[in-house]
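Dear colleague,

Please find below the structure that I am handing over to you. My findings follow directly after it.

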Amino acid sequence: MRTIIAHKESAMTDQSQQFASDNYSGICPEAWAAMEQANKGHQRAYGDDQWTARASDDFRRLFETDCEVFFAFNGTAANSLALSSLCQSYHSVICSETAHVETDECGAPEFFSNGSKLLTARSAGGKLTPESIREVALKRQDIHYPKPRVVTLTQATEVGGVYQPAELKAISATCKELGLHLHMDGARFSNACAFLEASPAELTWKSGVDVLCFGGT
């Protein structure tokens, strides 16, 4: 029994770093301290508390616009709920073949949208192009085909590619031409901002993005 306990204690205090997912790590001390402070006293529930209001206003200042802010448990939930708000069951979502919504969310986007189909498009480095979007969007237009309604892209992509503002604007122009919404999975959005030395506003609404899921871990 002592050997088993010692092994468990060793595993629980493992200091090695894991880069497979940000979910592997513990919470950063600053966030933990803020949560401890927020846990004191009483506040109105269901999003009417001062902490939610302050956090939402911080996002509006960060993105330099009066955006709507909704908090979700994790990336899969955020992507699924965002896409479901843009689609009906007979619609489809265009994504790259490496997109997280396609490879790692276990059908959640389709489930929460009541059946909207994911359509994969050609990509290089995980990045969609106006041409690859147009190819899928115009492939078929008959009544039996799931009508494309949304393009979703990932910034930075699952394999490390980043969309320049000019590339985002070109994709947005194509989406507007074809009557498509533009959704961004921002699991690594902060990394993209740092790498491109661009502001959050420049990489989202100023480039024509309609909805962003901003990874907070």
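The accessible surface of the protein chain amounts to about 13800 Å², and carbon and sulfur atoms account for 54% of that area. Please note that this is a predicted model. Of the 217 residues in the protein chain, 35% count as buried. Its C-alpha trace spans about 65 × 45 × 35 Å along the principal axes. As regards charge, the protein chain carries 19 positive and 27 negative side chains, and the centres of these two sets are 3 Å apart.

The secondary structure of the protein chain consists of nine helices and five strands. In sequence order, the pattern reads α-α-α-α-β-α-α-β-α-β-α-β-α-β. Contacts in the protein chain between residues at least 6 apart in sequence were also examined: 73% of them join residues at least 24 apart.

I then looked at strand 3, which comprises residues 147–154. This strand is mostly covered, with six of its eight residues buried. What does strand 3 pair with, and in which sense? One partner is strand 1 (residues 91–96), which pairs with strand 3 in the parallel sense over four bridges. Within this pairing, K147 of strand 3 stands opposite H91. Another partner is strand 4 (residues 181–186), where the pairing with strand 3 is again parallel and runs over five bridges. Here L153 has M184 in strand 4 as its bridge partner. Strand 3 and strand 4 also belong, together with helix 8 (residues 165–178), to a right-handed β-α-β unit.

Is T152 buried or exposed? Its relative accessibility is 4%, and T152 therefore counts as buried, the cut-off being under 20%. Leaving aside residues up to four places away in sequence, T152 touches L83, V93, I94, C95, V101, L128 and H183. Among these contacts, V93, I94 and C95 fall within the residue range 91–96 of strand 1, while H183 falls within the range 181–186 of strand 4. With regard to E177, the C-alpha atoms of T152 and E177 lie 16 Å apart in space, and the two residues are 25 places apart in sequence.

Yours sincerely

Methods. Residues numbered from 1 in each chain as written. Predicted model: local features only at pLDDT ≥ 70, side-chain atom pairs only at ≥ 80, totals over all residues. Heavy atoms only, no water. Buried < 20%, exposed > 50% of the residue type's maximum accessible area, 1.4 Å probe, protein only. Helix = DSSP H or I, 4+ residues; strand = E, 2+ residues; numbered from the N terminus. Pairing = 2+ DSSP bridges. Right-handed = clockwise from strand over helix to strand, strands pointing away. Contact = heavy atoms within 4.5 Å. Areas by Shrake-Rupley, 256 points an atom, 1.4 Å probe, with all protein chains shown as cover. Lys, Arg positive; Asp, Glu negative; His and termini not counted. Charge placed at Lys NZ, Arg CZ, Asp CG, Glu CD.
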